[in-house]
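Have the viewer open as you read.

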Amino acid sequence: MSEEKRLHPVSAVINFVKALKEALIPLVVLVFLNQGERDSLLDYLPFVGMGVFMIIILFVGILKWWRFTYRVEEGELRIEYGLFVKKKRYIPFERIQSLNYSEGILHRPLKLVKIKVETAGSSNSLESEAELTAITKEEANELNSFIAKAKKKLKESHAVDENGLPIEEPAEQEEVAEGKVLYKMSVKDLVIMATTSGGAGVVISGLFIFLSQFSELIPFETVADEFLEVVQSGVLFVAVMIFLVLFFAWLIAVAMTFIRYASFTVRLVEKDLIITRGLLEKKQTTIPLNRIQGIRFNQNLLREPFKYASVTIESAGGSALEKDSNTIRLLPMIRSMEAPKILEEILPEYDWSTDFTGAPKRSIFRYMFWNLLFISFLIAPVSYFFYPLGLLSLLLYPVMAGLSWLQYKNAGYRLSEDQLTMQYRVFDKQIVYLKKKRIQSLELKETWFQRKGRVATLSATIKSYLAGSENTVNHLDVKDVEKVMEWYQPEGSRAAKQRESLPEE
């Protein structure tokens with residue numbers, strides 16, 4: 001591993017495609033601006049320029065590949081790169097949290113993978129610490145195994161027994177543990193996930209947005225007139241057409257879900273979770289258990305009646321450009337009652353009970369009042385400017401009243417010795433499990449109106465990327481929130497407060 005190595009030559013092609021993708025919009029604009037008759041060779045000059053530009057991009061991609069080398073030396077992953085100025089990046093093994101694999105369309109036929117190196121305290125929050133664009137699977141596994149063994153040796157070299165003597169290292173095992181498969185997503189789960197995620201609505205909305213870009217070319221008035229004639233010709237025909245549109249939108253949503261989550265598998269290997277997924281681009285993400293800051297259950301209004309939920313991990317570290325680096329879907333679709341059994345194997349120290357202390361009855365009015373007041377600012381102008389059809393917006397009042405009732409019923413918390421569990425709802429029902437040592441800050445918020453009703457808002461923030469992840473339960477009894485705040489105080493501060501409250505002799 002100490003020998004200097006280059007990436008696979010396909011990296012040059014990947015660099016070329018990536019640069020071309022970034023320049024795609026200017027190139028498309030240039031093509032559209034040069035539509036029309038061409039009377040002389042000068043009219044073809046923009047296209048010649050585009051060809052030269054693409055050749056330059058390809059040459060730069062090849063040069064980047066040639067200048068990029070990596071090796072393992074003296075307990076570090078050493079990378080040298082740079083187009084005109086040679087740069088060196090040395091990453092100590094102890095800082096490396098995980099090596100995340102992915103296989104794109106160009107990788108899979110050649111049995112290659114892309115590796116992203118995630119570290120603790122990355123110097124740049126907007127990108128991974130390092131990226132090996134294309135290496136063979138054998139090299140990737142060898143690198144991963146070498147780093148894991150080196151980190152283990154380093155840890156054992158610092159380990160001492162109760163007498164302060166160094167602990168002898170056990171015999172080194174050459175075999176790499178495959179780990180235990182905890183969860184594998186079935187085809188049924190994928191279909192249910194696509195059906196209840198609202199993906200079909202996103203597809204239809206995207207279609208309308210796309211068509212709106214061609215408003216000058218599409219005769220919408222003629223289409224509307226034709227549609228009215230169709231409506232008059234038969235309600236059954238219109239219903240069938242609407243059904244077909246929704247059906248094809250659903251099929252597209254299912255296809256998108258399969259492309260992203262096919263073969264979704266969760267394995268536990270020692271103290272790491274390894275998640276693999278993807279159809280066209282296969283990804284492998286490694287999450288060290290010590291990076292887990294909290295566990296979140298999410299149920300939207302479609303999944304809740306069927307007792308299905310999505311379980312995500314709030315993770316510390318990662319990069320902003322990595323969508324899965326901070327909030328990671330651990331169990332994308334699973335029955336709520338089945339999730340704790342899997343989670344107990346991953347995090348046995350957590351308490352998965354759901355007997356919550358809820359909001360007091362006097363909070364119902366507050367949920368109703370503020371939500372209905374907010375929706376009134378939308379209903380009033382719509383009803384006035386789009387009268388009489390705008391009056392249909394009044395139907396939002398019973399909808400918002402029902403949502404307010406659910407928000408009240410789902411507001412609650414649960415305390416144990418070292419864990420806070422919070423339950424709340426905006427639109428989706430959320431249950432968040434937080435260990436006391438992982439909570440960055442706990443806050444009691446109380447407005448003048450809440451003070452009058454003897455209620456308060458509880459907010460807990462955990463580490464997740466830059467700003468953190470905030471979880472809020474509104475309109476709890478103020479005594480309950482004070483109880484949680486007291487629980488969060490250090491033991492010394494709590495003992496001192498108790499001594500102050502004792503009567504003097």
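## A covered strand

Let's start with S20, the strand spanning residues 455-462: it is mostly covered, with eight of its eight residues buried. Buried here means under 20% relative accessible area, exposed means over 50%, and partly exposed is in between (1.4 Å probe, protein chains only). Strands are DSSP runs of E with at least two residues, numbered from the N terminus. Val455, Thr457, Ser459 and Thr461 point one way from S20, while Ala456, Leu458, Ala460 and Ile462 point the other way, and all are buried.

A word on ground rules: this is a predicted model, so local features need pLDDT of at least 70 and side-chain atom pairs count only at pLDDT 80 or more, whereas totals for chains, interfaces and linings use all residues. Residues are numbered from 1 along each chain as its sequence is written, and side-chain values use heavy atoms, with hydrogens and water left out.

## Its two partners

Which way do S19 and S20 run relative to each other, parallel or antiparallel? They are antiparallel, with six bridges joining S19 (residues 439-445) to S20. For a pair of strands to count, DSSP has to find at least two bridges between them.

## Ring pairs

Searching the whole structure turns up 19 aromatic pairs. The rule: rings of Phe, Tyr and Trp (its six-membered ring) pair if their centres lie within 6.5 Å, and planes under 30 degrees apart are stacked, over 60 edge-to-face, and the rest tilted. Tyrosine 350 and tryptophan 352 make a stacked pair, 5.4 Å centre to centre with 15° between the planes. Tyrosine 350 is buried at 7% relative accessible area, and tryptophan 352 is buried too, at 10%.

Tryptophan 448 and phenylalanine 449 go edge-to-face, at 5.2 Å centre to centre and 85° between planes. Tryptophan 448 counts as exposed at 51%, while phenylalanine 449 is partly exposed at 47%. Both belong to a cluster linked by ring pairs, along with Phe365, Phe369 and Trp370.

## Charges over rings

A charge sits over a ring if NZ of Lys or CZ of Arg is within 6 Å of the ring centre and within 35 degrees of the ring normal. Lysine 435 does this over the face of tyrosine 350, 5.1 Å from the ring centre. Arginine 277 has its charged end over the ring of tyrosine 261, 5.6 Å from the centre.

Terms used:
Helices (H or I, at least four residues) and strands (E, at least two) are DSSP runs, numbered from the N terminus.
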